[in-house]
Amino acid sequence: MKADIHPDYHEITVEMTDGTTYKTRSTWGKAGDTLKLEIDPKSHPAWTGVHRLVDSGGQVAKFNKRFESFGLKK
């Protein structure tokens, strides 16, 4: 490996959505930083099987209003 071209590989703490933590090594942040996850295997629909609708900026409401004449049910 070439010297002085690789990012610093250090230990960080990862905090899951339920508050549990674990230590891992990463190039993210600085040594000792905590990475707080917004989505993880305990909350993501792909792993939980529970789907929730995230309406960012009223896009779902805008869609429903635009196509209400087609008889779509909310």
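In this predicted model, His 10 is found in strand E1, which covers residues 10–15. With a relative accessible area of 6%, His 10 falls under the 20% limit and is therefore buried. Leaving out residues up to four places away in sequence, His 10 touches Thr 24, Arg 25, Ser 26, Thr 27, Trp 28, Gly 29, Lys 30 and Ala 31. Two polar contacts involve the side chain of His 10: one reaches the backbone oxygen of Trp 28 at 2.9 Å, and in the other a polar atom of this side chain lies 3.2 Å from the backbone oxygen of Gly 29.

Ser 26, one of the residues touched by His 10, lies in strand E2, residues 21–26. Ser 26 counts as buried because its relative accessibility is 17%. A polar atom of the Ser 26 side chain lies 2.9 Å from the backbone nitrogen of Trp 28, while the His 10 side chain reaches the backbone oxygen of Trp 28. Beyond its neighbours within four places in sequence, Ser 26 is in contact with Asp 8, Tyr 9, His 10 and Ile 12.

E1 and E2 run antiparallel and are joined by six bridges, and Val 14 stands opposite Tyr 22 in E2. In general terms, strands of a sheet pair through backbone hydrogen bonds, in either a parallel or an antiparallel manner.

Turning to aromatic rings, a search of the whole structure finds one aromatic pair. The ring centres of Phe 63 and Phe 67 are 4.8 Å apart and their planes stand at 50 degrees, so the pair is tilted. Phe 63 counts as partly exposed at 43% relative accessibility, and Phe 67 is likewise partly exposed, with a relative accessible area of 26%.

| Residue | Relative accessible area | Class |
|---|---|---|
| His 10 | 6% | buried |
| Ser 26 | 17% | buried |
| Phe 63 | 43% | partly exposed |
| Phe 67 | 26% | partly exposed |

Conventions
Residues numbered from 1 in each chain as written. Predicted model: local features only at pLDDT ≥ 70, side-chain atom pairs only at ≥ 80, totals over all residues. Heavy atoms only, no water. Helix = DSSP H or I, 4+ residues; strand = E, 2+ residues; numbered from the N terminus. Buried < 20%, exposed > 50% of the residue type's maximum accessible area, 1.4 Å probe, protein only. Polar contact = N/O pair within 3.5 Å; in protein donor to acceptor, adjacent residues only side chain to side chain. Contact = heavy atoms within 4.5 Å. Phe/Tyr/Trp six-rings, centres within 6.5 Å; stacked < 30°, edge-to-face > 60°. Pairing = 2+ DSSP bridges.
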